[in-house]
Each structure stands twice: as structure tokens, then as C-alpha cells.
Amino acid sequence: MSATDSTQRDFSAIVAKVEPEARKLLAGYPPGNERSALLPILHAFQNVEGWVSPEAMARTAEWVGVPVSVVESTASFYTLFHRAPVGRYMLTPCRNLSCIINGAGSIMAHFREKLGIGHNQTTEDGLFSYEEAECLAACDRAPCMQVNLQFFYDLTTEKVDTMLQAMRDGTFEVAPLPQSVAPGPDWHVASATALRSAGAQGVSDPNDPGGMGDKSGLSMIERLIKDPRPIEARPTHERLVTDGAAVASYAENSNGTGGSH
Amino acid sequence: MPVVKVLTEGIGEVDLRDIAVYQKRGGYEQWKRAVTEMKPADVADITMKSGLRGRGGAGFPTGRKWSFLPNNGRPRYMVCNCDEAEPGTFKDHMLLEETPHLVLEGILLGTYAIGSKHAFIYIRGEFEHGYRIFSAALAQAREAGFVGQGLFGTDLGIEVTVHRGAGAYICGEETALLNSLEGRRGEPRLKPPFPAVKGLYGEPTVVNNVETLATLPFLLKNGPEWFAKVGPEKSPGYKIVSVSGHVKKPGNFEVPLGTPLRELLELAGGPRDGRKIVAVQPGGGSSACLFEEHLDLPYDFDTMAANGTMLGSGAVVFFDDSTNFVEAALALVRFYAHESCGQCTPCREGGHWLEVTLERIMHGGGLDSDIDMLVAVSHQLTGINLCPLGDSIEPFLASVVKRFEAQFRAYVRKPEAAPAAVSA
């Protein structure tokens, strides 16, 4: 993938920028606990590069004294670390409770329409990345958002338009993110096999109730409809579906591709 | 109106980020007094006597939490939890950005009280602005000799390390926070051992909320009785309440505990014109809803618990009769599904299942049985996880499904004709 090809840049210059800060960060923890500086050092790399590159993770691993796989595993847990390049402006409107009951839905719809991209995607020109965020702790000024982690409050669609225009014009009050490598259409890093492995979230799915290989859930629905036993006598996990006819009509009308992830 | 100014004193009036301004108003005097005139046990004693309960969510008495530390001669750590991310809560955000020196003085006093030499503040990754403000305040305080070695001419030394998280709600859970602070995935640990016995780096550790620690300078200044006599006996003191949702003037309001919910609503400007409040979530995203008949209840830890919900982090969200509770429930369920660390199957799979089911209902594919399934699944996944995240799904969801069942059913029967609001 050329989008994440990070071999074309001068990584040593990036290291030169990050290393003094990393040394300071490492000194902030009791001796023998250098691993504590793992997150702060990744932040430092992301501040310089705009993302957390494989080289940055390898260097972090070296500095804190753990295998690279440990850094990758840790980084992958945290949504703020982008393990693939992102746009110059990371737009993150809040989609949580106080914002959603105060019109965040229309703000998000507006962003999607104006940018032509969805949740966790980057525009083709590499200018905008878009992610619908969870509660940003600014519920008194809902709907709110962050742009490159700086807060913007009391959003309206007009305000959003003005902000986007300023970003396009290069006059926006928040500095664009560095971008050491051009971004791809999203910054998702995970193999298809990993997503399907046992225990990965989404193996069970109400839109795929039969589980793996039963994409529409039809075999389970058929079993339910044809099962002559009363609901109470059925296996526990099937008792919850009590309306066989409705299930059948849903199955007919649904295209069978459920899931939200 | 019962609004008071204790922790919030001066916010919005003067620049408390400037150490000179903070000191002019008595800042760091209690810190100096503690180090030069008091023993750590005195500070702990005052805290115990004040009846202060943790302001982060669990409401555990702070003095008692400290008393669990074993006297084993091992190094101890104080960790200030500024990973504020409970839906509806925005008080620590304000304290961090507006009065960072008060937060720091509180951290120092807490660290001193438990006999620790090293404190950490774990700041939510999204609070980059607050992180910079606090770091600057810390540098000022270090230069002034309030942090570091040889404090006030004694041989006492206390170090403070600022640590930024990276976007994970679960790190607000104290053992997940400790893992994250150690450079690990933010997955909660099995308890016991509790952090007081085996916490950061395996050593005795106390994790306290920002607001809890920021209260300490006032306890020292005014004495424990000043605090203990305010509000209900077992739930005393002042509390910053974050009020949001369908109100005219949302914001943080510092009030005595025991203030009725209706007064909080009035402080926040009351309901929007022509609307009436039909529900209130009194303790953050993890708490069950109360309804219009509960508005006269006093807002304190025990009254909320007695009514099947909780005070939690002090986040109060009001809902008026325009609310689409299916959408509201989806927002919260999606949040918990998204933030599940994935260790425990009921939370990981159950949250996801509920999210997809609610989405199906929202988009017209719902079944009548889905409504019962929402209640059943959220109940079944509760109480069987390592930490309270999974258990946080049921309260709001079940309470609004029960109360506004017609709205959910209407969605299922004929989505395009479903009332968008309770009143419709």
C-alpha cells in the first residue's frame, strides 16, 4: 500500500526532533519503569509526524525496552493513536448523549455530506479526516467537537461551513497536523483474519444470528419457525425471539448484510 | 439559590492559571502549612473527619480509601484521575483548565497525607489544551519551590509527573488507569488485590479524582466540621454538578449535596420554552433515569442510591418531551460498546449486540421482540464482568425502555410513523 509507505521520508530527522523530549519523558518515571513513557513518547512522535508510524513504534520499543509487538499492541488499544497517516485536520464531532439530544445528528450528517466521507475516513485530497467521537466532556456547549484536539462549541451547520472554508483557505485558527506521508482513504490497521478470530468483537451479531457462515441468519430463523416446541422449551439462547412471523418478514426484507463495524 | 463558590471561586473572574494570582488569593498557603506545621496523619485525619466521598463516581469515603494502605515500608504512589469521560461530566475539564494550581495543591496535599513521594496526574488524551495548562502551572510551582526536593526548607521532596492518556474511556477505571500509566493496554485488572495494596508498579497506590483532591486545601483551611455540617450526614459537603441536556443555561454548578434536582434544573435556566422535563439522568451515562415525579428528591449519594440510580460523577442530564429516547439509548449503548476493552465476553459481545439491535430498530428493521431483548440482554450481561463498564449499559437503557416503551414499540411497528418525541 503506497498510502502507508513510510520508507520515502527521512526518519532520522524525525527521531532527532523527538529524542530530546523522549529522554525527558523517560526521566519522569521511577527508574526501572521506562515502559510508562510508552504512551507519552508515541504522542511525541505523532505530534511531529501526524501519525504513529511503524518506525516510530520500533524506536519507542527500543527506548522503553519492550518488543515492538508490545508497542503495537498497546498503541492499537487507544483511539487517539493513528497507526496510518491521517488528514491535515482531524474533525471529531461528539456523538454522545448531551450532544445527540441537542442536534449532533444533523451536525454529523452535515459533515458527511459536505466532506463526502463517513466515520473514520479521510478525504481524497488528504485535507480532512473525520471521526465521530465519544463524550468530549464539554456537554454544556453541545453540540461540540474537536479539530486536532482543540475544542469548538455550540456548533451549527453555518458554523461548520465557515470552519471548513477557513481550513480549505489555510486561515483556520488551529494549525494543520503534520503529514509525513500522504494518507489513504482511512487509517484502519487490522487484518481481516484478526477481525474474524475467536473473541473478536462482532462474532455474534443480531443480523447474523447463526454466527459465522450464516450471513443472513436464515438457517436460524428457519429453525425457529419450524420448531414445534413452545418457546419455553427451546434452548435458552433462542427463547428471546418470540415472534416467528416477524422474524421471517424481516429476513425477507433485509439484504442480509448487517453489522455496523 | 444554593449555588456556592468554593472550588469554583474566582473562575471566570480572574486568571487562576497565573501562580501569582492564585497565591494572592491564599493559594499554596495550606500546602506550606501542611509541610511546615502538620504531620501527614493530621491531613489524613482532617480528610477522614470531613466525611468527603470520592467525586469521581464511586463515592467511596476518601479518608477510608487512604487508610487501606499497608504500612509495609514500600514506596507509595498518589495518582490523580483526570481521565474524565463519563458522558455528561465536564467538571474536571473546567478545574484543569481554569484552576490548575488548585488541582496541583490538592494533589500535593493528598500525596503528603498518604506518605508518598511521587504523584502522577493522568490526563485524558483529548484534554491536550488542559494538559498544556497544567504542565505550565506545574513548571511555575516547581520554580516557586512548591514541588521538588527540599520543600519549604525541610528535607521533604515530592515529585509530580504529568501523564497523557490517548483516548480510552475505560482508563477512568482505576486499575485500567494504572495499566495505562505503566504503558500497557488500558484493561482493568482483577480485584483483589486493590490498588491500595498492589497498585502502580505493584506498590501501594491511591487513585483519587481531580475534584476530590481539589477539595483538600479547603478542608485544611476551614476545618473538617465546615465541610461535614453541609448537606446530609452521610453525604456531606459541596459538589460541582455538571448540568446539561435540554436546559436553557447548561453548565457547572457548585452546590451543597442534598440540593433538590428541581433546583439544579432552575439553576440551569429551567426547561426550554414550551417544553417540560420528562426524565433526568442524575449520575452520568452509567446511571438509571429518574422521571418528572422524582424532581423534588435531594441530590446526594444515598438518596440517589435509594431510588435505584446513583450520583456517580455528578453529571445531570435533563430530557424534555421532545426527546427521542431510542436515539438517546443508541448513543449511550454505542458508547459502551465502543469503549469496551474486550476482556470480558458479556460486555464485549453484549454491548455490540445491543448496539446493532438498536440500530436495526432506528433504521426500520426492528422486531417487537427486540424491545424485550434489549431489556433481557442488558440485564444478562450485568454483574459478570471484571469492571463496571458492562454493568453501565443496563441502567439507562432499561429505565427508558420501561418508561417510554410506547416510543420504542412505535418505532418497531411503523418506523416512518414513529413519534420523534415523547409528546407526539
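**Ground rules.** I number residues from 1 along each chain as its sequence is written, and I letter chains from A and number ligands from 1 in the order in which they are written. Because the model is predicted, I keep local features only at pLDDT of at least 70 and side-chain atom pairs only at pLDDT 80 or more, while totals for chains, interfaces and linings use all residues.

**Sheet.** I looked up an open sheet in chain B and found four strands in the order 3-2-1-4, paired in parallel. Strands are DSSP runs of E, at least two residues, and helices are runs of H or I, at least four, numbered from the N terminus; two strands pair if DSSP finds at least two bridges between them. Strand 3 (159–164) and strand 4 (205–209) of chain B are at the edges with a single partner each, so one side of each has no neighbour in the sheet. From one strand to the next, the twist averages 20°. I then checked strand 2 (residues 118–123) of chain B, which is joined to strand 3 of chain B by six bridges. In strand 3 of chain B, B:His163 stands opposite B:Tyr122.

**Core.** Next I checked the largest nonpolar core, with 191 residues, where B:Val79, B:Cys80 and B:Ala329 touch the most other members. Such a core is a set of buried Ala, Val, Leu, Ile, Met, Phe, Trp, Tyr and Cys residues joined through C-beta atoms within 7 Å; buried means 20 or more other C-beta atoms within 10 Å of a residue's own, with C-beta atoms placed from the backbone.

**Domains.** Finally, chain A is divided into domain 1 (2–75), domain 2 (89–169) and domain 3 (202–253), with bounds from an automatic or database domain assignment.

Conventions. A residue is buried if 20 or more other C-beta atoms lie within 10 Å of its own, exposed if 12 or fewer, and partly exposed in between; C-beta atoms are placed from the backbone. Axes are lines fitted to C-alpha atoms, for helices over the stretch in contact, and angles run from 0 to 180 degrees between N-to-C directions.
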